[in-house]
Amino acid sequence: MRASFDRIRGGELGSIPAVLAIIVLVAIFGLTRPDSFLSKLNFANFLEQASSIIVIAMAVTFVLLLGEIDLAAGYTAGVAGAVLATRLQADWPLIPAAGMSMLVALALGVFTGFMVAKVGIPSFVVTLANVLLFQGILLLLVREGGSVRIQSEAVNDLVGGALSPGLSWLVSAIGVGLFALSQVRRQRESHGAIPMSLVWLRVGFAVVLVGVITFVLNQNRAFANAPAPIKGMPIVIPVLAVMVVVLSFVLSRTAYGRHLYAVGGNAEAARRAGINVQRLRLSAFAVTGVIAGIGGWFLASRVNSVDANTGANDTLLLAVGAAVIGGTSLFGGRGRMVNAVLGGLVLALIPNGLGLVGKTTLLGYDIDFSSSGVKFIASGVALLAASSVDALSRKRTT
């Protein structure tokens, strides 16, 4: 039963193309621009740039598992960020302001889920209408063309702040320890199907990888004339790690998560098995709304403000693309939270690396790789490639 469930949710195989893409992109950009791309400052900035897309990709994963879509998740993030910013500007304490932001995000998600699950309108149509509806709400909150600056140090440090070097090592040690415990537990549950040597190999790889990353981030990455050194792991890394662990537990270790995979794999069979498909669909959109709202905090923290473009433009496309590139199926029934992380890293690497490559001559043509056109083309090709892999793998299993 456990092996069957692992196959349904995609196992580790769905993540392999994303991992290979990360390796290839790092190799290409590292060889092309070693001084800038492989710098400590760019490494930390890259992780911070990817954070908001990763969180919103985690949000849409819940509806993608059902074979649904939420085109308005980016604007849900924008509205939640605007509510947080306006409440803080009105001198609300941080906790009540964050709570109000989450309540609004939940309400938007429940509204979407109700229209899809209860009224029966296709999710594509509902969320397409919500793009206009939520954008209008965002414009009203930020007063069309204006912006709301965030003065809260705690919010601004979410993306941009860093832990002390000592605390960075402590967080890394705790993370590796928890990973080792999970691997040992998984080996015991497999009743010997997973060899212990493989467990220690994975743990050893994690120790080396996390150790190297922590060591690099603990070095001073500020410019030579900077007024103060910048050292330590960005706060966003442990925050994202906690979110991945919690949401992965929900999907893989709870009845709710198993029901999501079951409905996404075959809704009629799930209904006959006693699963309330309508209620599950509504709840999935509600969860997507809440997590997208948290993504709004990341978007606001990145620029220390909220305006009419927060969560707009290509935010949603990149988030859905991140989930799909990471290995989550657009057809439902297959995907994991780590897919959102891997896909988000791929889509963050592309503009980051191309921006540093800049103008160069290729095959006799002068090409500006830092232009938006080239970046969009590269991201689109990556998404098409990932979708093709997903479609072909589906054909082989049918």
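What share of the 398 residues in the protein chain do buried residues make up?

1. Buried residues make up 45% of the 398 residues. Keep in mind that this is a predicted model.

2. Overall size fits the residue count. A compact globule of 398 residues would have a radius of gyration near 21 Å, and the protein chain has 21 Å, so the two agree. The C-alpha trace spans about 65 × 60 × 50 Å along its principal axes.

3. On secondary structure, the protein chain has 17 helices and four strands. Among contacts with a separation of 6 or more, 75% come from residues 24 or more positions apart.

4. Next, the surface. The protein chain exposes about 19500 Å². Carbon and sulfur atoms supply 68% of that area.

5. Helix α4 covers residues 40-64. Its 25 residues should span 36 Å at 1.5 Å a residue. The end C-alpha atoms lie 35 Å apart, which agrees. Even so, α4 bends by about 35° at Ser51.

6. Is α4 largely enclosed or open? Of its 25 residues, 20 are buried, so α4 is largely enclosed by the rest of the structure. The cut-off for buried is under 20% relative accessible area.

7. Pro195 sits in the loop between α9 (165-189) and α10 (196-217). Its relative accessible area is 41%. Partly exposed means between the buried limit of 20% and the exposed limit of 50%, so Pro195 is partly exposed.

8. Pro195 and Glu68 are 127 residues apart along the chain. Their C-alpha atoms are separated by 38 Å.

Technical notes: Residues are numbered from 1 along each chain as its sequence is written. This is a predicted model: local features need pLDDT of at least 70, side-chain atom pairs count only at pLDDT 80 or more; totals for chains, interfaces and linings use all residues. Side-chain values use heavy atoms; hydrogens and water are left out. Helices (H or I, at least four residues) and strands (E, at least two) are DSSP runs, numbered from the N terminus. The expected span of a helix is 1.5 Å times one less than its number of residues. The bend at a residue is the angle between axes fitted to the seven residues ending there and the seven starting there. Buried means under 20% relative accessible area, exposed over 50%, partly exposed in between (1.4 Å probe, protein chains only). The radius of gyration is taken over C-alpha atoms; the globule rule is 2.2 Å times the number of residues to the power 0.38. Contact means heavy atoms within 4.5 Å. Accessible areas come from the Shrake-Rupley method with a 1.4 Å probe; for residues, only the protein chains shown count as cover.
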